[in-house]
Amino acid sequence: MSASTIPRSLPGSPTPRPPHRPIRVTRTFGAWAIVVVIGVIAGAFVFDRLSTSLDPVASSESIRTERRIEQLTKTAGSIVILAAGDPRLAPTAGVIRKAAARLDTVPGVVRVTDYTATNDAQLLASDGTASLIVASVAAGLDDDAGEEVLAAVTEISNDVLPGAQIAGGLSVDAELGATAETDLARADLVAIPIVLLLLAVALRSRLVIAFGLALIVATVTGSSAFVYALSLVTDVSVFAVNVVTMFAVGLTVDYGLLFIGAFQQHLSTHHRSNRSDTNTTGVAPDATSEVNEAINHARSTAGHTIIISGLTVAAALTGLLVFHEPVLRSLGFGGIGATLFAITAANTLLPALLARYGHRMSTRIDSANDHASTAASGARFARLATAVQRRPVLAVAFGIGVLAILGAPLTGLRAEGLDVRSLAIDSPLRVTVSHIAEKFPASRTEPITILATANHEAPELAIYTATLRKLNGVTTVMTTSLGSGHTRIDVVPAATSADHRAQRLVNQMRDNRPGFPIAVTGEAAEDLDFTTSLTERIPLAVTVVAVMTLLLLWALTGSVLIPIKAVVISALSLAASIGVMVWGFQDGHLAGLLNITPIGGLEPVIVLLTCVFAFGLSTDYEVFLLAAVLDARLHGEPTPMAITTAIRTTGRTITTAAALLVVVFVGFATGDLLIIKQLGVGLIVAVALDVTLVRLILVPATLTLFGNANWWNPPFLQRLHRRLPIALRHRVTAPGAAVRAT
């Protein structure tokens with residue numbers, strides 16, 4: 001097929017683009033230096049402003065009820081101290097009274113409860129060897145004030161009660177935040193050096209290590225500044241920094257690899273051409289001109305692909321913005337910010353670095369060994385593409401069959417909320433909680449709490465509590481007068497808060513309300529409200545992501561069918577990735593390898609994040625491959641040959657980019673926080689499937705099956721496509737203007 005016979009639905013024949021604006025190297029370095037300084041300062045304080053909460057939206061019944069109880073009791077949460085010794089013995093009782101008296105003086109502590117003052121059997125260990133002291137914390141404290149209260153209580157406990165152990169909600173929040181920060185530092189320390197080394201090996205230049213480090217520092221610090229700014233206007237999850245950093249590093253490496261690869265390829269080609277010209281004319285080429293031309297070539301090809309790719313990633317992340325929960329919205333905004341910084345760094349900072357130092361790379365990229373290695377790699381990918389194209393139906397059946405097998409466990413997916421089990425098995429806090437659960441059986445299950453607008457002595461309240469005791473799965477019902485005509489009813493279920501049986505009890509209580517007003521809260525109610533809210537908004541999120549992705553891929557390709565196929569195949573790949581997560585984490589098959597305790601489900605936020613981020617990365621690689629197919633088509637190759645050419649030219653780049661991305665995710669999968677492990681493993685599986693089964697088998701097979709029908713575009717959409725800004729459409733451009741140093 002010649003260029004003249006390319007269907008009109010394609011963007012058209014190659015069209016020159018206006019020259020690039022010259023790169024002002026010094027100004028570019030200065031601007032990014034300011035970003036880095038601001039990001040470093042913001043990063044030093046950002047963890048102090050983040051929240052560990054995964055609460056449902058503030059308007060939910062559980063959160064409104066919890067806030068109302070806090071107003072009535074003037075307390076919000078508690079710090080629990082496990083004190084050794086039998087409090088019924090005088091020496092131990094005296095020590096406990098002394099500790100309670102000192103704890104009562106701590107600012108922010110409203111009430112201190114212990115066995116010596118109340119004789120409450122629930123505060124005495126079942127074997128009589130320990131007791132609990134509960135310090136109720138004042139409502140309305142901000143995070144900093146809460147940490148100060150926790151620190152003061154811990155200090156007094158260690159001073160007065162030798163061997164005392166601290167637990168409670170504030171302790172869990174503090175430990176989750178500290179662990180997230182430690183995991184981030186460890187992952188960066190391990191993953192980034194390995195990524196930079198592999199990047200240098202892939203691009204055959206030690207200078208790339210410096211370039212890659214500069215890009216990572218610029219993107220990560222810029223993203224940190226963005227997250228900090230976001231925390232000034234809304235609640236931001238403590239996990240946002242981990243997730244955003246992971247995503248920022250991954251995208252930066254991908255885009256840097258693509259851009260530098262295009263630069264090297266053009267420079268290498270022109271070296272050979274210019275050597276031939278020198279032998280003919282006797283005039284040596286200007287090295288600066290060669291570098292400038294290679295930079296502008298990379299900006300015109302790889303730079304454009306990076307922009308489209310980044311927009312598709314950002315489009316996937318917009319799906320998180322439709323949810324009401326602050327944690328999801330903050331992760332969505334943070335991910336979009338990281339993506340925009342990665343795009344900007346690749347298209348501004350990297351060209352400036354190449355303009356200043358790129359001539360030093362030319363000594364390593366023109367060897368016969370390099371060209372032979374590249375050619376051999378391309379030949380292997382071309383043979384694979386040819387084999388797939390010979391049996392496209394078999395290839396599609398094989399690919400979908402494997403994805404279906406991997407995705408089968410998805411049918412058993414269960415939601416499980418975040419709690420102390422998200423910490424490492426050997427975490428001191430988790431060990432303490434286990435000791436408390438062992439010695440105080442009543443503490444193993446969080447109660448479902450009902451706020452009743454009725455007097456404590458009212459007959460109708462007694463009738464209602466009797467009804468609650470008869471519910472299947474209820475072990476204990478306790479009532480407490482809160483004054484002002486309100487009574488607190490604590491219903492202890494047999495199942496844990498995240499168990500579906502406890503959540504079924506919440507639904508029963510809400511569906512069968514008595515004659516007086518009640519409202520239901522507690523961990524089971526909060527988990528139920530959170531999951532329900534997510535479930536209700538998922539269809540809208542899927543619609544937003546799908547529509548935006550379809551539009552962007554249509555803008556790139558001028559095709560209706562290709563974007564639809566891309567979305568469908570990506571969805572199948574996602575299902576397989578989540579299926580592996582269910583098999584590994586929920587069913588426990590990866591427990592030994594990852595040193596975790598299966599908790600019987602997956603955190604719904606992590607499932608959602610895995611889907612969104614993996615979908616974004618999938619379309620990222622889709623753009624890389626489709627851009628190469630379109631390049632070949634625009635140069636006159638028929639569809640089958642264009643597919644082979646695209647896989648031959650991009651196979652090594654995409655595979656290398658995916659391998660580097662997997663290294664980044666492995667750094668996070670080896671952290672201590674269970675939910676970060678789940679996200680890391682989920683993304684590792686998603687990238688591995690996408691770059692092998694999807695990109696090398698399913699995509700070329702389906703493109704081959706549909707042939708020229710791939711490029712079908714109705715006439716009215718063709719006209720609309722021609723009116724799109726050229727920045728959104730694929731095109732081949734001529735070299736641009738020179739690069740200036742100032």
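Residues are numbered from 1 along each chain as its sequence is written, and side-chain values use heavy atoms, with hydrogens and water left out. Because the model is predicted, local features need pLDDT of at least 70 and side-chain atom pairs count only at pLDDT 80 or more, while totals for chains, interfaces and linings use all residues.

Strand β3 covers residues 130–138. Nine of its nine residues are buried (under 20% relative accessible area; exposed is over 50%, partly exposed in between; 1.4 Å probe, protein chains only). The strand is therefore largely enclosed by the rest of the structure. Helices (H or I, at least four residues) and strands (E, at least two) are DSSP runs, numbered from the N terminus. Two strands pair if DSSP finds at least two bridges between them. Strand β1 (residues 75–84) pairs with β3 in the antiparallel sense, over eight bridges. Ala-84 stands opposite Ala-130 of β3. Strand β2 (residues 109–114) also runs antiparallel to β3, and five bridges join these two strands. Here Val-112 has Ala-135 of β3 as its bridge partner.

The structure holds eleven salt bridges (a side-chain nitrogen of Lys or Arg within 4 Å of a carboxyl oxygen of Asp or Glu). One of them joins the side chains of Arg-88 and Asp-86, at 3.0 Å from N to O. Arg-88 is exposed, with a relative accessible area of 51%. Asp-86, at 16% relative accessibility, counts as buried.

Another salt bridge links Glu-622 and Arg-695, with the closest N and O atoms 2.2 Å apart. Glu-622 lies in helix α19 (residues 604–634) and Arg-695 in helix α21 (residues 674–706), so the pair ties together parts that are 73 residues apart in sequence. Both Glu-622 and Arg-695 are buried. Arg-695 has a relative accessibility of 2%. Arg-695 also forms a salt bridge with Asp-690, the closest N and O atoms being 2.6 Å apart. Asp-690 is buried too, at 3% relative accessibility. Elsewhere, a network of salt bridges links Glu-61, Arg-510, Arg-513 and Asp-529.

The surface carries a patch of negative charge, made up of Asp-48, Asp-142, Asp-143, Asp-144, Glu-147, Glu-148, Asp-173, Glu-181 and Asp-235. Helices α5 (143–160) and α6 (169–203) are the elements that give two or more residues to this patch. The largest share, four residues, comes from α5. Asp-48 sits in the loop between α1 (25–46) and α2 (61–73). At 47% relative accessibility, Asp-48 counts as partly exposed. Patches are made of residues with over 30% relative accessible area and no salt bridge; like charges are joined within 9 Å, and nonpolar side chains (Val, Leu, Ile, Met, Phe, Trp, Tyr) within 5 Å. Asp and Glu count as negative and Lys and Arg as positive, with His and the chain ends not counted. The place of a charge is taken as NZ of Lys, CZ of Arg, CG of Asp or CD of Glu.

A nonpolar patch is also found on the surface, formed by Leu-189, Val-190, Ile-194 and Leu-198. Together these residues have about 360 Å² of accessible area (Shrake-Rupley method, 1.4 Å probe; for residues, only the protein chains shown count as cover). Val-190 has its place in helix α6. Val-190 counts as partly exposed, at 44% relative accessibility.
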